[in-house]
Every structure is written in structure tokens, then in C-alpha cells.
Amino acid sequence: MKTNAIYSGNCARGVKVVPHPIPYQGSKRQLAPRILGLVEHRRFRRLYEPFSGSAAITLAAARLNVADEYVLGDSLKPLIDVWNAILAAPENLANDYAEIWSGQVGDSIGHYNRVRDDFNATGNPAKLLYLLARCVKNSPRFNQDGMFNQSPDRRRRGKAPSRMRRDILGASALLCGRTLVRLGDFTTTMADATPADIVYLDPPYEGVTTGHNRRYYQGLERRRLVSALESLVRRGVPFVLSYDGRCGGRAYGQPLSENLGIARLELNAGRSTQATLNGRSEQTIESLYVPKWFLRSRDTRTTLVSAA
Ligand SMILES: C[S@@+](CC[C@H](N)C(=O)[O-])C[C@H]1O[C@@H](n2cnc3c(N)ncnc32)[C@H](O)[C@@H]1O
């Protein structure tokens with residue numbers, strides 16, 4: 001489904017700290033300034049984020065005024081409902097979250113499990129926000145039937161309601177009046193992107209999209225991604241794609257072929273926390289892909305990204 005309604009409300013652009021209301025493993029929050037270093041030399045009509053998740057790139061880009069409008073899309077309906085609530089009724093969402101979070105007193109694990117059952121029955125967005133804030137590593141997991149099955153983190157209670165309220169209201173003010181929210185497949189979300197726009201893609205990489213405990217409720221076949229990239233290259237739409245990478249000697253995901261008309265850059269994402277926990281010091285390197293012509297059109301020496 002494609003929508004064209006732009007929410008209005010209490011807009012505020014000059015925020016100092018980028019708000020980040022949705023806790024989401026794999027969020028590009030830390031990397032956003034460096035990824036945006038590839039595009040912030042230009043002003044775009046729209047920035048599309050069709051695999052938005054917590055929309056870290058959109059929020060950071062809106063703070064930098066990279067584009068006139070922003071298009072957020074995801075195929076996970078309750079997550080898109082969270083974004084719609086952030087834009088249309090931020091106070092209600094913050095209140096609902098505070099009420100659910102406060103119900104944790106006493107049997108907090110039992111409370112989490114009841115909220116999870118309710119969420120699986122209703123898809124309620126405030127309940128999803130609480131589950132994401134409280135679950136292990138802020139990392140959603142879904143079973144084969146699409147039911148949220150991640151366990152609660154036993155050491156943390158999840159983001160406090162006061163901080164959540166600040167981030168919900170902050171994101172709402174930053175995005176209001178210039179953001180479209182679209183539920184659906186990434187191809188539909190970016191179907192109307194033009195050469196005046198920029199698309200940032202952060203799909204689930206192969207390896208987290210199959211098997212019993214899928215990280216995202218929906219996987220993405222590589223051939224579908226490749227055909228979407230071919231379409232963007234053909235249409236002359238600038239894009240930046242995060243896909244595969246490596247940590248220490250291990251690779252995750254298979255690199256994409258440069259025959260697609262794309263160039264691969266490497267971004268040093270810093271020390272891997274998981275490796276550090278296991279007593280190893282390893283850097284995580286993430287691949288970024290851009291159309292070759294887009295790379296030629298700018299001076300990449302100004303970014304912290306280097307061509308591989
Ligand atoms: C790696 S996460 C994106 C994280 C995001 N960059 C952030 O900063 O939080 C991938 C997202 O893509 C969504 N997704 C998976 N398959 C999709 C599809 N075919 N179309 C649109 N969204 C999809 C998932 O629900 C998930 O939110």
C-alpha cells in the first residue's frame with residue numbers, strides 16, 4: 001500500500017540530539033553520520049528508506065536537512081503502525097508505552113509474556129514498542145507463523161518512559177509536515193523514486209532471513225534485491241545500500257557483483273561488541289554500495305568510507 005498523506009503537528013527542526021524512539025538491533029544510529037557523509041553534499045527532493053526499521057538514517061538526515069521530504073517504509077505492519085502513531089498521535093503513544101512499562105512492577109517476566117501474547121493477538125504498536133525495548137538485545141525474533149517469540153532481557157527493564165516520551169515527541173517534531181509512511185514491500189515504497197531523490201536500503205542480509213529463528217519476520221531473496229537495484233540503476237535513482245560485511249575472518253552475506261553498475265565501499269563500523277565479549281578484538285567492516293556514476297560525481301575523499 002502506498003500512501004501520500006503528510007502528517008502535520010508540532011514541528012521543530014533545530015534539534016541538537018537526533019531522537020531515536022525505536023530500540024532496534026541492527027539500527028544504523030551510530031553509523032548514520034558516516035553513511036550520510038556520502039550524500040550530504042547534495043540536497044534531494046526526497047529521501048526514501050524502504051527498510052526503515054528504527055529509521056536511523058531518516059532521522060539523522062532530517063536533522064541535517066538532506067531532503068525536502070522523507071518516505072519511511074517497512075513491510076512489518078505493527079512497526080509501521082508505530083511510525084504512524086509517532087507522527088499522528090505521539091502523546092497517546094508515549095502514554096500507552098508508559099502504562100505498559102509501569103505494569104512491570106513485581107512479576108516483570110510474567111508481564112512481558114502477557115504483553116507478548118497480547119501483541120501477537122492484536123498487533124498493538126505500543127506493545128511492540130515495549131517488547132522491542134525490553135527484549136534480549138532489542139532484537140525482534142519471529143517464529144515460522146510470524147509470531148514474536150523473543151525472550152525478555154532479565155537484567156534490564158527497557159527504556160524508561162520519560163526517555164521514550166522525549167524521543168517519540170522529538171522524532172515526531174523533526175519529521176512532521178514532511179514525511180510519508182508506507183506499509184509494504186520495499187519495491188512498492190520506492191516505486192516513485194526519481195533521479196532527484198536518494199534511496200537508502202538496509203535489507204535483512206542473507207543468513208538472517210531463513211531458518212527457525214529468523215531475525216526479521218520476513219526474509220528477502222537476493223534475486224529480488226538484485227532486480228530492484230537494476231531498476232534503480234536504469235532509472236538513474238541515486239542510492240546507498242548496506243548489505244554484506246565481515247568481522248575478523250568471518251564474512252556475513254555474499255558481496256554483490258559490480259556488473260550491476262554499482263561500486264562497493266567499505267565502512268569500518270568499529271570494534272565488534274560480541275567479539276569483545278568473547279575475548280577477541282575484531283573490527284566489523286560493512287559494505288556499502290552506490291551506483292558507479294554517483295561515486296564519480298563526487299569527491300569521496302571527504303568521507304570516512306573508502307573504496308574497497
Ligand atoms: C536491517 S533492518 C533495517 C534497520 C534500519 N536500518 C535501522 O536503522 O533500524 C531491515 C528491515 O526491513 C524490513 N523488511 C524485511 N523485508 C522487507 C521487504 N521485503 N520490504 C520492506 N521491508 C522489509 C524488516 O521488517 C526490518 O525492519
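These legends describe close-up views of one predicted model.

Residue numbers start at 1 along each chain as its sequence is written. In this predicted model, local features need pLDDT of at least 70, side-chain atom pairs count only at pLDDT 80 or more, and totals for chains, interfaces and linings use all residues.

**View 1. The whole chain.** The chain holds eleven helices and nine strands. Helices (H or I, at least four residues) and strands (E, at least two) are DSSP runs, numbered from the N terminus. Of its 308 residues, 41% count as buried. A residue is buried if 20 or more other C-beta atoms lie within 10 Å of its own, exposed if 12 or fewer, and partly exposed in between, with C-beta atoms placed from the backbone. Among contacts between residues at least 6 apart in sequence, 70% join residues at least 24 apart. Two residues are in contact if their C-beta atoms, placed from the backbone, lie within 7 Å.

View 2. E4 spans residues 198–201. Ile198 and Tyr200 lie on one side, Val199 and Leu201 on the other, and all are buried. E4 pairs with E1 (residues 44–49) in the parallel sense, over two bridges. Two strands pair if DSSP finds at least two bridges between them. Tyr48 is opposite Val199 in E4. E5 (residues 239–247) also runs parallel to E4, joined by three bridges. Here Val199 stands opposite Phe239 of E5.

**View 3. Helix H2.** H2 covers residues 56–64. Eight of its nine residues are buried, so the helix is largely enclosed by the rest of the structure. Among them are Ala56, Ile57, Leu59 and Arg63. The buried residues pack against H1 (32–36), E1, E2 (67–74), H7 and E4. Asn65 follows the helix and has a positive phi, near 55°.

**View 4. The ligand shell.** The ligand is surrounded by 21 residues. A residue is near a molecule if its C-beta atom, placed from the backbone, lies within 6 Å of it. Phe51, Gly53, Ser54, Ala56 and Asp202 are the closest. The shell divides into eleven nonpolar, six polar and four charged residues. Ala, Val, Leu, Ile, Met, Phe, Trp, Tyr, Cys and Pro count as nonpolar, Asp, Glu, Lys and Arg as charged, and the others, Gly among them, as polar.

**View 5. Arg156 in its loop.** Arg156 sits in the loop between H6 (125–134) and H7 (161–175). Arg156 counts as exposed because it has 12 C-beta neighbours inside 10 Å. Arg134 is 22 residues away in sequence and 6.9 Å away in space, C-alpha to C-alpha.
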